[in-house]
Amino acid sequence: MLTIGMPLTLEPLNNRNNDEYRSKVVEMSDTFIYIDYPVNAVTDKTTFLVNGTRLKVTFTFDNRDTFTFETEVKGRVKGEIPMISLVFPEAEAVFKIQRRQYVRVEAAVDLAVKKNDQYYHFISVDLSAGGLSFILRQRAVFEKDEEMDLFLVLPMKSGENQYVKVRGKFIRTKDRHGAQIASVNFIDATAMQQQQIMRYTFERQLSMKQKDHVM
């Protein structure tokens, strides 16, 4: 299921600071996974993991299903590029993440929806790597299970914007405090698209926690 070059998301099991790292598979053996040095998802700085560190690893297979497993850092390896070795999990220790397990955060981001070669612009209400909700401000009518192209503008902590195009399926519309809220699930999202959205939701979570501490 794991392949060379596959992007990975790493989280320490003892994660008091809500740290999250990005890495990728460089080599594999029967007992170890070799990854490049992880980069902090927020600071983009290289992270040096201590031997014995327990990690939760998340990856997306075949650009569709997301899986997770726990592992341990076993050491550093010298190769064409510096690598870190992780214990290769048993097959029964790898679990599929259900869509509802994606972290959903409140987020007002710019959103364009392409429908019948026409673009409609909205603001999101919340967002996760599995889908989003947005406020219906225009007279756009969506049918249940209708598919559409979504274009998201994600403002990152670094000051740059991440532009994500993803396919979505309309689920339903519901009334919330007098506003019509549309719900859409992402379909056929690539690993890169999921990683971009997950990175944004992680930064958003961290920002909201920091504001709570200040208050």
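Let me begin with Leu-154, which lies in strand β13, residues 147-155; strands here are DSSP runs of E of at least two residues, numbered from the N terminus. The model is predicted, so local features need pLDDT of at least 70 and side-chain atom pairs count only at pLDDT 80 or more, while totals for chains, interfaces and linings use all residues. Residues are numbered from 1 along each chain as its sequence is written, and side-chain values use heavy atoms, with hydrogens and water left out.

Leu-154 has 0% relative accessibility and therefore counts as buried (under 20% relative accessible area; exposed is over 50%, partly exposed in between, with a 1.4 Å probe and protein chains only). Beyond its neighbours within four places in sequence, Leu-154 is in contact (heavy atoms within 4.5 Å) with residues including Val-109, Leu-127, Val-164 and Tyr-200.

I turn now to the aromatic rings. Rings of Phe, Tyr and Trp (its six-membered ring) pair if their centres lie within 6.5 Å; planes under 30 degrees apart are stacked, over 60 edge-to-face, and the rest tilted. The count by this rule is 8 aromatic pairs. In one of them, Tyr-37 and Phe-48, the centres are 5.5 Å apart and the planes stand at 85°, so the pair is edge-to-face. Tyr-37 sits in the loop between β3 and β4, and Phe-48 in the loop between β4 and β5, 11 residues apart. Tyr-37 is partly exposed at 21%, whereas Phe-48, at 54%, is exposed.

Phe-59 and Phe-67, by contrast, are stacked, 5.7 Å centre to centre with 20° between the planes. Phe-59 is buried at 2%, and Phe-67 is buried at 12%. Finally, Phe-122, Phe-134, Phe-142 and Phe-170 form one aromatic cluster.

Terms used
Helix = DSSP H or I, 4+ residues; strand = E, 2+ residues; numbered from the N terminus.
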